[in-house]
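The entries follow in the order I worked.

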Amino acid sequence: MFFGQSLRYHREDKNMKLKTEYVTLSVNDGTSMRAYVAQPEGRPRAGLLVFQEAFGVNAHIRDVTERFAREGYLSIAPELFHRTAPGLEAAYTNFPEVMPHLQALTDAGLAADIQASYQWLKNGGAKDLSVGATGYCMGGRTSILAALTVPLQCAISYYGGGIAPGGLFPSLADRLKDLEAPVLLFWGGLDAHIGSDAVEAVTSTLSAAKKDYVNVVFSNADHGFFCDARASYHAVAAQEAWSLTLEFLKLHLAGAATKAGA
């Protein structure tokens, strides 16, 4: 594993001041949901939904949320297990702890959480700005679900299990024809959880529907390659994915905002 910050991620302004806080959102099913927010200094470029892995809005996800804020994005990471395990932060080696909470998730509940998080952005600092989404593992699927739920300008999925048929979650394949936002998909070529057949199922469906997408497979990377707190962390793939992610966001979020204001 590699933990040196100089290896991890280039940031446009490492000295940018951030405001970080937890906020509590009212969800339309009557529940309350905590979310971690990182706000950049000054006017944001855009708003960004950041969706967690199965292990909660933990130190890594909070750090990722802050990284995006340092790039100028008003970023919010909702706690998607708020109905069954508010505040859960599980160890990456303790998947059995998170499994009951994964099984309790529903697309209706996730859609309500997405809407609450999106409205927080649009009612606040991103009122007149573009909004996008990114997510990791279960959050990668949630990012695509978000693009099917609220009017996003783009969505990014890192190894999103359950987009294709099979697996723990209902497939989103039949709904991909309804995507209106461009999407960026990352996969690990060594990922035993999401095989090449699943990746092909997603990309062929998107191609058949003539959707705007970019598909990236890192041949030597495994599931979870972006997370520098996991044994599967792959420093080169993570750096390349980060650079592509920032460029995609600039083109579709910050670029769209600039064009709209021109």
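**Entry 1: Thr134**

I started with Thr134 and skipped its neighbours within four places in sequence; the contacts left are Leu48, Leu49, Val50, Phe51, Phe68, Ser143, Ile156 and Tyr158. I note here that the model is predicted. Thr134 sits in strand β5, residues 131–136. Is Thr134 buried or exposed? Its relative accessibility is 1%, so I log Thr134 as buried, the cut-off being under 20%.

**Entry 2: helix α5**

Ser143, one of the contacts of Thr134, is among the buried residues of α5. I checked the rest of this helix, residues 138–147. How many residues of α5 are buried? The count is 10 of the 10, so the rest of the structure largely encloses α5. I listed them: Met138, Gly139, Gly140, Arg141, Thr142, Ser143, Ile144, Leu145, Ala146 and Ala147. Arg141 is on that buried list too. What do the buried residues of α5 pack against? I found the strands β3 (46–51), β5, β6 and β7 (183–188), and the helices α3 and α4 (107–122).

**Entry 3: the largest pocket**

Next I looked for open space. The largest pocket holds about 640 Å³. Its lining has 33 residues, and the closest to the centre are Cys137, Gly161, His193, Ile194 and His223. Which helices each supply at least two residues of this lining? I noted α3 (95–104) and α6 (196–208). By class, the lining comes to 20 nonpolar, 10 polar and three charged residues.

Cys137 came up at the pocket, and I stayed with it. Cys137 is in the loop between β5 and α5. Its phi is near 60°, a positive value in a residue that is not glycine. Most residues other than glycine have a negative phi. I noted the burial as well: Cys137 has 17% relative accessibility and therefore counts as buried, under the 20% limit.

Then I asked about bonding. How many disulfides are there? With sulfur atoms required to lie within 2.5 Å, the count is zero. Cys137 is in no disulfide, and the nearest cysteine sulfur, that of Cys227, is 10 Å away. Cys227 is in no disulfide either; its nearest cysteine sulfur is that of Cys137, at 10 Å. Cys227 has a relative accessible area of 0%, so I log it as buried.

I placed Lys210 in the loop between α6 and β8. Is Lys210 buried or exposed? Its relative accessibility is 75%, over the 50% cut-off, so Lys210 counts as exposed.

**Entry 4: aromatic rings**

I counted 14 aromatic pairs in the structure. I looked up the one between Tyr158 and Phe226. The centres are 4.9 Å apart, the planes are at 50°, and the pair is tilted. Where do its two residues lie? Tyr158 is in strand β6 (residues 154–158), and Phe226 is in the loop between β8 (213–218) and α7 (235–261). They are 68 residues apart, and the pair links distant parts of the chain. Both Tyr158 and Phe226 are buried. Tyr158 is also one of the contacts of Thr134.

I then noted the cluster these rings belong to. One aromatic cluster takes in Phe68, Tyr136, Tyr158, Tyr159, Phe186, Phe218, Phe225, Phe226 and Trp242.

**Entry 5: the cavity**

The whole structure has one cavity of 30 Å³ or more. The volume of the largest cavity is about 40 Å³. Its lining is made up of Gln52, Gly56, Val57, Glu79, Leu80, Phe81, His82, Ala85, Pro86, Gly87 and Leu88. I sorted that lining into six nonpolar, four polar and one charged residues.

**Entry 6: Ile76**

Last, I looked up Ile76, which is in strand β4, residues 73–78. Its relative accessible area is 0%, so Ile76 is buried. Leaving aside neighbours within four places in sequence, its contacts include Val23, Leu25, Val37, Leu48, Leu49, Val50, Trp120 and Leu121. Leu48, Leu49 and Val50 are also on the contact list of Thr134. I logged one C-alpha to C-alpha distance: Ile76 and Leu184 are 19 Å apart in space and 108 residues apart in sequence.

Conventions:
Residues numbered from 1 in each chain as written. Predicted model: local features only at pLDDT ≥ 70, side-chain atom pairs only at ≥ 80, totals over all residues. Heavy atoms only, no water. Helix = DSSP H or I, 4+ residues; strand = E, 2+ residues; numbered from the N terminus. Buried < 20%, exposed > 50% of the residue type's maximum accessible area, 1.4 Å probe, protein only. Contact = heavy atoms within 4.5 Å. 1 Å grid on protein atoms, 1.4 Å probe; cavity = no way out; pocket = protein on both sides within 12 Å on 5 of 7 lines; lining within 4 Å. Points joined across faces, edges and corners; volume = space filled by probe spheres on them. Nonpolar A, V, L, I, M, F, W, Y, C, P; charged D, E, K, R; others polar. Phe/Tyr/Trp six-rings, centres within 6.5 Å; stacked < 30°, edge-to-face > 60°.
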